[in-house]
Amino acid sequence: MPKLTPILCFKGKAAKAIEAYQNAFGAEVKFTMPFSKANPNDLQYTDEEKDYIYHAQITIGEQLIFIADDSDGILKGGTDNNSYNSYAVDLVVEFDTDDELKTAFEVLLDGAEITKPMHSPAYCSLCVYLTDKFGTRWQFMSNEKK
């Protein structure tokens, strides 16, 4: 049976995104390879890009996620080097408690765009949607029993 693994692509900010996700979710880094360790036939890069992430694997809970800095020009469209675009995919993180949700939210709040403010819908105790400063779209949900 096929397995679905999301990949988050960044414009030179993958390492910083990994660090933020470690702090927000306790993400565990399983593997990381910088551009400088890639097969030279697979990738050409500048000296400035040598430490960019060619391929990384992290887990949040039991979910494997691939992370990379864009090496193929997929993320075109930014107007300058400060544009941190990623693909338009939302990652949903389900927390056991409202406090866990709020802690992760506070970690990623700096530079984030809140797309749906924190609220308590009928399907969960608390949720919030945001796009972090790296361009990754998140939906946080808590299922705390009250």
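I started with what lines the second largest pocket: ten nonpolar residues, two polar and one charged. (Ala, Val, Leu, Ile, Met, Phe, Trp, Tyr, Cys and Pro count as nonpolar, Asp, Glu, Lys and Arg as charged, and the others, Gly among them, as polar.) The model is predicted, so to speak of local features I need pLDDT of at least 70, and side-chain atom pairs count only at pLDDT 80 or more, while totals for chains, interfaces and linings use all residues. Residues are numbered from 1 along each chain as its sequence is written, and side-chain values use heavy atoms, with hydrogens and water left out.

Of the 13 lining residues, I60, G61, Q63, V92 and V93 lie nearest the pocket centre. I noted a volume of about 270 Å³. (A pocket is an open set of points on a 1 Å grid over the protein atoms alone where a 1.4 Å probe fits, with protein on both sides within 12 Å along at least five of seven lines; lining residues have an atom within 4 Å of a point. The volume is the space filled by probe spheres set on the points, which are joined across faces, edges and corners.)

Which strand gives the largest share of the lining? That is β5, with five residues. Both β4 (63-69) and β5 (90-95) supply at least two residues each. (Strands are DSSP runs of E, at least two residues; helices are runs of H or I, at least four; both are numbered from the N terminus.)

**Cysteines.** I searched the whole structure for disulfides (cysteine sulfur pairs within 2.5 Å) and got zero. C124 is buried at 9% relative accessible area, and C9 is buried at 7%. (Buried means under 20% relative accessible area, exposed over 50%, partly exposed in between, with a 1.4 Å probe and protein chains only.)

**Helix α1.** I looked at residues 14-25 next: twelve residues, reaching 16 Å from first C-alpha to last, close to the 16 Å expected. (Expected span is 1.5 Å times one less than the number of residues.) A14, A17, I18, A20, Y21, A24 and F25 are buried. Down the axis of α1 these buried residues fall within an arc of 165°, so they line one face of the helix. (The arc is taken over directions from the helix axis to the C-beta atoms.) K16 and N23 are exposed on the other side. Just after α1, I found G26 with a positive phi of about 70°.

**Overall.** I logged two helices and eight strands, and 36% of the 146 residues as buried.
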